[in-house]
Amino acid sequence: MPPTIRGPVDQEEIQRAQLHYQELLAQLQANRMKLPPSTTLHLLRPEFVHTNESTSGNLQAATHVHLEFSRTSELHQNLNILRAELTLFKEWLDSPSNSPSNVTWPVLVNLYRLSKREKVTPELLTSQEISRTSPSLSLKGVVEEWIGGLEPKLNLGLELRSDKAAWLAASIAEEGTGMPSLTIEAESRKTVRKARQLDEEECRKGDGKCCLRSLKVSFEAIGWSDWVVAPRSYSMKFCDGSCPHNYKPASMHAQIKARLHSLSGETPAPCCVPAAYEPMVLMHYGNDGNVATQLFDDMIVTRCHCA
């Protein structure tokens, strides 16, 4: 049952909870890096890095960084991009001697698409914030467009806005460990289509047998917005359908139960229930009214069976 909030929550406590929330999300992402054979990881390093410092009015000093990535033979058009992240100066930040304590975090990064053609204005793609614990930019949409096209190179412009923009840019341009990396997680569209077709055949062929279905749930809609801080919604999976004899049996017991039900009705039929889960992180108010971050192991169903 959601707890009763007893007044305003300290902002520092919320910031600490948000940091813990992001760390747990990162841990979950790392665990998911144990990928199935159909999924591949591509790690790209920029072939060209150029920095240029400038100022703009009364804004903080802005340093511009030009990164150029080249397409490899493995990055073909018949790929479905699952994840694409540009990681900046992570190795530098992991070393306390290279990370000045007076940098104000988070740092705003404006991301532009650059063109080799003259007099073409850079296109602003997104503005994102990076921090010491999460020095990565999500480039999924940018990479999807690049991989789906014919351009051999991806030219990106980064505008760093920080009181230490020049130092951060220098760490990006540093040879070796300071160089940024573009990590692309992808899988063949043929594999994706095949998996989706199997799901659709199972859940939409109309026989009503036990299968996994999806539903987007808003925590506000179910009356949990005063309890759950983040996220605001998620894709809930649930099991639904009938369990005829020998269909996805969870155990020998389930098979005998189904057999008895079909012969004499002495036992109820097996039920379509979750067989496996995927963990999910929630930032929420605890019973004491303080903000807490917790990993729930049983929120997202990944597989169904009859038990």
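Visitor: Which residues form one aromatic cluster here?
Guide: In this predicted model, the cluster is made up of Phe219, Trp224, Trp227 and Tyr234.

Visitor: How many aromatic pairs does the structure hold?
Guide: There are three aromatic pairs in the structure. One of them joins phenylalanine 219 and tryptophan 224, which are stacked, at 6.3 Å centre to centre and with 0° between the planes.

Visitor: What is the arrangement of phenylalanine 219 and tyrosine 234?
Guide: That pair is stacked, because the ring centres of phenylalanine 219 and tyrosine 234 are 5.7 Å apart and the planes are at 15°; planes under 30 degrees apart count as stacked.

Visitor: Where do phenylalanine 219 and tyrosine 234 lie?
Guide: Phenylalanine 219 is in the loop between strand E10 (211-218) and E11, whereas tyrosine 234 belongs to strand E12 (residues 233-240). The pair therefore ties together parts that are 15 residues apart in sequence.

Visitor: How many bridges join E11 to strand E13?
Guide: Two bridges join E11 to strand E13 (residues 272-285), and these strands run antiparallel. Within E13, methionine 283 is the bridge partner of alanine 230.

Visitor: What kind of peptide bond joins alanine 230 and proline 231?
Guide: The bond between alanine 230 and proline 231 is cis, with omega about -5°. Proline 231 is placed in the loop between E11 and E12. Another cis peptide bond joins tryptophan 105 and proline 106, where omega is about 0°. Proline 106 is found in the loop between helix H2 (90-94) and strand E5 (107-113).

Visitor: Now the helices. Which residues of H6 are buried?
Guide: Ala254, Lys257 and Ala258 are the buried residues of H6. They are on the same side of H6, because they cover an arc of only 95° around the axis. On the other side of H6, Met252 and Leu263 are exposed.

Visitor: What span should the twelve residues of helix H6 have?
Guide: At 1.5 Å a residue, helix H6 (residues 252-263) should span 16 Å; the end C-alpha atoms are 17 Å apart, which agrees.

Visitor: And which residues are buried in helix H4?
Guide: In helix H4 (residues 165-173), the buried residues are Ala165, Leu168, Ala169, Ser171 and Ile172. Viewed down the axis of H4, these residues fall within an arc of 160°, so they line one face of the helix.

Visitor: Finally, which residue lies over the face of tryptophan 146?
Guide: Arginine 71 lies over that face of tryptophan 146, at 5.4 Å from the ring centre.

Conventions. Residues numbered from 1 in each chain as written. Predicted model: local features only at pLDDT ≥ 70, side-chain atom pairs only at ≥ 80, totals over all residues. Heavy atoms only, no water. Buried < 20%, exposed > 50% of the residue type's maximum accessible area, 1.4 Å probe, protein only. Helix = DSSP H or I, 4+ residues; strand = E, 2+ residues; numbered from the N terminus. Arc of directions from axis to C-beta. Pairing = 2+ DSSP bridges. Phe/Tyr/Trp six-rings, centres within 6.5 Å; stacked < 30°, edge-to-face > 60°. Lys NZ or Arg CZ within 6 Å of the ring centre and 35° of its normal. Expected span 1.5 Å × (residues − 1).
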